[in-house]
Amino acid sequence: MHYPITESQIQFYEENGYLPLPEVITPEELADARVFLEEALHMRLTGGIDRTGSSDYDRVFLQKVNLWRDHEGVRRLVFHPRLAQIARQLSRSHAIRLWHDHALIKMPGRDSRPSPWHQDLPYWPMNEAGALSCWLPLDDVDEHNGCMHFIPGSHRLGKLPPINLVNPQDIFAFVPQECQQRMKSPVAVPLQAGDCTFHNGLTFHYAPPNRGNQPRRALVIIYMPDGTTYLKKPHCVTDDLDLEPSAPLTGDWFPILARA
Ligand SMILES: O=C(O)CCC(=O)C(=O)O
């Protein structure tokens, strides 16, 4: 099934730096995704997600990167042509590659911490902007259990310093004075499981603590336009790949998932 994206949705994404989309996966795909994610996490976390999560970082979210490498069902979801084609259209690229996936599980309870306001691109070893994330919750999300919040238009500020997710700096302190007022209008995006948001790697985003009583499970698929090149800096995905500075990010780790 193709998911039609209109020119006005692309323009909304370009203007605001994010785009919510309803029902990007079917109820059957959602049911499978929940099983696959659970299985993949069990392979990485001894005892499963309910038995881990005591570090300060884990209280922001349990993060497991590149589950597609471990689990065939997760791989099919991460490589899903419908989602990749949306990413390609929003980035107006001729071809879109996988950067990586990660599961972000925000555990419930009094210890749960917010995902602080940050941009993603400052963490990533890429010279160009343009990479974008599909944030796909496998549970219904709202302000009570950790839905995403965005600052519309914040991606146009360009790349700011990376934010420490455990002891966060105030990202708004890096915003020039004349833009401060505009940057203070966050939009909360509650979603049903199976809906998603796409956001640009430069868009400021945040999620509140999970005050519900179940883990908030999100699978995030991160895409980059074909032609994105390597910026030499530490990152768990590229550290062992022996890449030359400015080499295009290509090959088995970064497959093309959709073409025009
Ligand atoms: O899921 C969250 O709490 C934060 C998500 C996030 O930071 C991201 O997808 O880049």
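Notebook: the ligand and its surroundings

I began at Asp 120, where an N or O atom of the side chain is 3.0 Å from an oxygen atom of the ligand, and I took this as a polar contact (a pair of N or O atoms within 3.5 Å). The model is a predicted one, with local features needing pLDDT of at least 70 and side-chain atom pairs pLDDT 80 or more, while totals for chains, interfaces and linings use all residues. Residues are numbered from 1 along each chain as its sequence is written, and side-chain values use heavy atoms, without hydrogens or water.

I then checked Ser 115, whose side chain places an N or O atom 2.6 Å from a ligand oxygen, and Arg 216, where a polar side-chain atom is 2.8 Å from an oxygen atom of the ligand. On its own the ligand has 300 Å² of accessible area (Shrake-Rupley, 1.4 Å probe), of which the protein covers 98%.

Which elements give two or more residues to the shell around the ligand? I noted the DSSP strands (E runs of at least two residues) S3 (95-106), S4 (115-118), S9 (205-207) and S10 (216-225).

I recorded 13 residues around the ligand (a heavy atom within 4 Å), the closest being Ser 115, His 118, Trp 135, His 205 and Arg 216. By class, the shell holds six nonpolar, four polar (Gly counted here) and three charged residues.

Lastly I looked up salt bridges (a Lys or Arg side-chain nitrogen within 4 Å of an Asp or Glu carboxyl oxygen), and the count is 13. One of them joins Arg 92 to Glu 14, with the closest N and O atoms 2.6 Å apart. Because Arg 92 lies in the loop between helix H5 (81-90) and S3, and Glu 14 in helix H1 (residues 7-16), the pair ties together parts 78 residues apart in sequence.

Note on methods:
Polar contact = N/O pair within 3.5 Å; in protein donor to acceptor, adjacent residues only side chain to side chain. Helix = DSSP H or I, 4+ residues; strand = E, 2+ residues; numbered from the N terminus.
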